[in-house]
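Here are some questions and answers for a reader meeting this structure for the first time. Please look at the sequence and the model before reading on.

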Amino acid sequence: MLLTLLFIFLSLGIVGLIVIPSNKKLLMRQYALFITSVVFVFSLLLWLGFDQSTPKFQYVVNWLWLPIANINLVLGIDGISLFFVILTTLIFPLCLLASWSFDKGDIKTYLISFLSMELVLLLVFTNLDLLFFYIFFEAVLIPMFLVIGIYGSRQRKIRAAYMFFLYTLFGSLFMLIGVIYIYLFAGSTNYESLATVNFSNYDQKWLWLAFFASFAAKVPMLPVHIWLPEAHVEAPTAGSVILAGILLKLGSYGFLRFSLGLFPEASVYFTPFVFSLSLLGVVYTSLTAIRQTDLKRLIAYTSVAHMNLVMIGLFTGTVIGVEAAILQSLSHGFVSSALFLIIGILYDRWHSRVVKYYGGLTHTMPIFIIIFLFFTMANLGLPGTSSFIGEFLLLVSAFEANTTACFFAATSMILGGGYSLWLFNRIAYGNVKLVGFDLSLREFILFLPLVLGTLFMGIYPNIFFSVMHAAVSNLVWADLWM
Amino acid sequence: MYLNIVFLPLLGSLVAGFFGRFLGGRGSGLITISCVGLSFFLSGLAFYEVGLGGSSTYLYLMPWLESDSFHVDWAFCFDSLTVVMLIVVTFISTLVHLYSTEYMGGDPHLPRFMSYLSLFTFFMLILVTADNFVQMFVGWEGVGLCSYLLINFWFTRIQANKAAIKAMLVNRVGDFGLALGIFGVFICFGAVDYATVFALAPQLSNSTLSFLNLEFNALNLIGILLFVGAVGKSAQLGLHTWLPDAMEGPTPVSALIHAATMVTAGVFLLARCSPLLEYCPDALFVISIIGGMTAFFAATTALVQNDLKRVIAYSTCSQLGYMIFACGLSNYSVAVFHLANHAFFKALLFLGAGSVIHAVGDEQDMRKMGGLRRLLPFTYAMMVIGSLALMGMPFLTGFYSKDVILEVGYATYSSASHFAYWLGSFAAFCTAFYSIRLLALCFLSEPNGSRTLLLSASEGSWPMGVVLGILAVPSMFIGYLSRDLFIGLGTDFWGNALFFLPNNISIIDAEFMSTGVKILPLCLSILGGLSSFILYRNYSRNLFLLKTSILGRKLYTFLNRKWLFDKIYNDFITQNTLDFGYHFTYKSIDRGLIESLGPFGFSNVLLDQVNKSRSWHSGYLYHYLVILGWSNLLFGLWFIFGFKFLPIQVLFIFIALWSIL
């Protein structure tokens, strides 16, 4: 019921935004912020009423769409998807707040794109029907494509939007074939029914590969990662935040929910493949990140590295690994969002993303630099921040699964230190190159929830783990090891 | 009370950090000093209760993370080892806080500085009081962060920036090993808290662990991985390069972090893991070899350094080598004893050096000092005390621990220990030589500084003097006073905190060695000191000739450039990695191969094909007729001869070729 209410509220909110006349920009902004904040409160209520003791789906909504073909829209939340939902609802109000002074082109379209993106993302994360999952998974592309293509900063944005669209669409076509095959084979696309279906080993492998093609482009894994830096560089700040904070999680969420959940044997079969690809990804993108000169491109490459670590955790097939992967996804949602917001603040003031342009900002913007330092340290996994918990547990599980994999994955501790410190040092220290205002109250409030969340998750992560235990244990013990 | 010991410095740090601009330099100084001072006072009580009273204390706060079988708590454990570290850390920290208010008094960022210092103290206390490996890792990384911030305190200086990044990165290489060690501990023992791990260690001494697809003895592997962490933090050979560079930070920082406390964390880790390490003979072998080599390497390098602080930094490195090598010989109590002693006299030396630098207008090059004996008599006296204690002159503090380390080195009958013993003895010679050289160049020789500098040189005000005076007392007497408590035969001070396998106890053999062997290191020290004194007093001309001779020049350059470690790391490892990251992964693959095969290759091919097929639609009838004719012919052939003659694949190839051409 609560979930239905949430979706109805959000949809009505979008309709309401259409009604507001285009010249009342402030009103539209306040309205959109209000809608997303209320949705955030809704999602917190979901957490509050969540029953931790069961792996079953809760708040289930069943909407008969094509009962004759057995395709119905089913929504529900379990311990795995709950935090993805909360992350989504938290990031969106922050994004709107961050683009408060963003005034380029039609604000109405901009806000509608964002609100509809939130709606679609929430639908993806709560979806329990394979066909609808595919539809919404693809539908996310449209508003994001618009945001990059219309509100991007340079002419190159067309190329970036093209790459973004091409990669994700191309991968997803395979998933569509897989979904159709599953539907023809099992006669249903309902997740809970499919979980009881036993696909043959041969089928599983092909289906796994079909889904892999789609999710790997989203994570992104190695050969199909180049859309991400491109899209990040061209997207407006809020777009980058959504991209890094939430869109990348679609990939890991998809792997977790569908690849591991539906094709456990194929997942085990392909584990060495995923490990090698992810390890390459971690080392390769970290090395590349060290040499970037564009702020956003650098952070984008680090995102790739971190998400590849998450992949290793997912495929260790241990409860520690999977829980850590979820927590690391969540933590990455906080930290990389914050880093993109930080770059957004620099870009707002000086309209440059070149690292060399900046220097000595700690002289004039001390509060900003403290926050930047905090997130730099979170990015390199300093204990006490959320990424430490995620990274440490991921590596523990990797050590359990394969010490060699763990060894190479752990080099990200060193390489991560390299790029993070270098970037921070270049921007914060040295002689004064620029003079600018420190954070405004709005910007400070923007960072406050992220800082507190990152710290809280680092010092007392149990509150997150306790929600996951039932669902993840069920996934690992019932599916992977049966 | 026990919790306050740990959290008071954090409180001070937060207050000074966030409200420093309202409190001002003096206010924040007062707050942090009183917080850390109170923490010291409570540590004293804890020392009495836990160390002397023998009642170990355990404090449980809350669970930290629980995932499957991985369970970690926020909890504190106070045993004898911890309280010794507590006393050392809070004592030195309090004095350094006091010293800094004067030394950094003119700096507008004093509140920030005090806040960092207190934060450092907090993390150091977390490190020593943790009851499990992961929480220890929090402190371990936390002190690394504070070290980064403090080295970088004067952030406009590019050298400070470089040194800070280097310190953190090199340390992370060590942390990488430590983290792997902790993972190994969890995989083998199923737990990461000390109590469980150490209790189970004897049971697992024969188990194996596969690492990098090779089969290792589990405990040996873990021991070596943990030791890699210690190598990073304690600046042992291989990962030592950050320590001398870290001297770019303010001098009180060098005294607190890079001499007395943080760099000893590695030694503390080894001592803490003694119940585990005792079952890893191979790891102990490696530890003692590396320790001995570090002691030797750093001492030889310190012989020819010209920067006042770098000499002391290399000396620290060398002394840490002694401690590590004592750990490798299973004499953890001796190592910790030397750790505590060293903290006092090395802090004294650094703060004395700070006093000198303060007096001569921030000049650090010893060749530009000289003649300061008459200008800074008090500092001179303090430096002499510190140097003599460092050299291990009889009845001063260093004598009681350093000589014992060398004695047990001789008395442990293994090749590794004798290797370390001889290197250590030679290092003792070098130690005395460079200590006296430092005194000679700074204080005794002819004045070499500019006239204005020398005229304005004067002692700092009372806080600096008081701190030096206070530190001089333990530098002289603490070794004598606490020797029996810490390393006396049959002392029960350590309780369960340190563990020795009965086979490995060598302190009794050390006690009854022949006198000749016992006084050999001392003789070498005296010889080194005397020769240095005489050479630099009367024969500096001969020294110069020696330095400029062909062989001497080569040796001098080699030592002065720190055995070329930095050059090898920079030129062969770092530079190649960075080049790889740019030219190969980024330029060739990301922006080259993938882009041209991926989206842009795709769009180019598509565009090309579209253009070609467009040219077919020329509008001329004969073009269409040709195509019509050809296809009629082909289909005719197909119908007549069927698939046998013209398989469909051939047809496709034909069409494809046609379309491309």
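Q: Which residues in helix 15 of chain A does helix 14 of chain A meet?
A: In this predicted model, the helix 14 side of the contact includes A:Leu295, A:Ile299, A:Ser303, A:His306 and A:Val310. Across from them, the residues of helix 15 of chain A are A:Gly321, A:Val322, A:Ala325, A:Gln328, A:Ser329, A:His332, A:Ser336, A:Leu339, A:Phe340, A:Ile343 and A:Leu346.

Q: How many nonpolar, polar and charged residues has the contact of helix 14 of chain A with helix 15 of chain A?
A: The residues on both sides are sorted by class. The contact has 12 nonpolar, 8 polar and 1 charged residues.

Q: Is helix 14 of chain A roughly parallel or roughly antiparallel to helix 15 of chain A?
A: The axes of helix 14 (residues 295-315) and helix 15 (residues 319-350) of chain A come within 9 Å and cross at roughly 175°. Angles over 145 degrees count as roughly antiparallel. Helix 14 of chain A is therefore, relative to helix 15 of chain A, roughly antiparallel.

Q: What percentage of residues 129-411 of chain A is helix?
A: UniProt, in an unreviewed entry, places the feature "domain: NADH:quinone oxidoreductase/Mrp antiporter transmembrane" at these residues of chain A. Over residues 129-411 the end C-alpha atoms are 39 Å apart and strand accounts for 0%. The helix share is 81%.

Q: What percentage of residues 64-114 of chain B is strand?
A: An unreviewed UniProt entry gives residues 64-114 of chain B as "domain: NADH-Ubiquinone oxidoreductase (complex I) chain 5 N-terminal". Helix makes up 57% of these residues. The strand share is 25%.

Q: Which helices each supply at least two residues of the lining of the second largest pocket?
A: The pocket holds about 1,600 Å³ of space and is lined by 42 residues, with B:Ile165, B:Leu169, B:Asn570, B:Thr574 and B:Leu578 nearest its centre. By class, the lining divides into 19 nonpolar, 12 polar and 11 charged. Both chains contribute helices: helix 13 (271-290) and helix 19 (403-428) of chain A, and helix 5 (158-189) and helix 25 (565-597) of chain B.

Q: Is the peptide bond from A:Val219 to A:Pro220 cis or trans?
A: A:Pro220 lies in the loop between helix 9 (201-218) and helix 10 (227-234) of chain A. Most peptide bonds are trans. For the bond from A:Val219 to A:Pro220, omega is near -5°, and the bond is cis.

Q: What is phi of B:Leu212 near?
A: B:Leu212 is in the loop between strand 3 (208-211) and strand 4 (214-217) of chain B. Most residues other than glycine have a negative phi. B:Leu212, a residue other than glycine, has a positive phi, near 50°.

Notes. Residues are numbered from 1 along each chain as its sequence is written. Chains are lettered from A and ligands numbered from 1 in the order in which they are written. This is a predicted model: local features need pLDDT of at least 70, side-chain atom pairs count only at pLDDT 80 or more; totals for chains, interfaces and linings use all residues. Side-chain values use heavy atoms; hydrogens and water are left out. Axes are lines fitted to C-alpha atoms, for helices over the stretch in contact, and angles run from 0 to 180 degrees between N-to-C directions. Helices (H or I, at least four residues) and strands (E, at least two) are DSSP runs, numbered from the N terminus. Angles under 35 degrees count as roughly parallel, over 145 as roughly antiparallel, 65 to 115 as roughly perpendicular and the rest as oblique. Contact means heavy atoms within 4.5 Å. Ala, Val, Leu, Ile, Met, Phe, Trp, Tyr, Cys and Pro count as nonpolar, Asp, Glu, Lys and Arg as charged, and the others, Gly among them, as polar. UniProt positions are given in the numbering used here, feature names are shortened, and annotations may be inferred rather than shown by experiment. On a 1 Å grid over the protein atoms alone, a cavity is a set of points where a 1.4 Å probe fits but cannot get out, and a pocket is an open set with protein on both sides within 12 Å along at least five of seven lines; lining residues have an atom within 4 Å of a point. Grid points are joined across faces, edges and corners, and a volume is the space filled by probe spheres set on the points.
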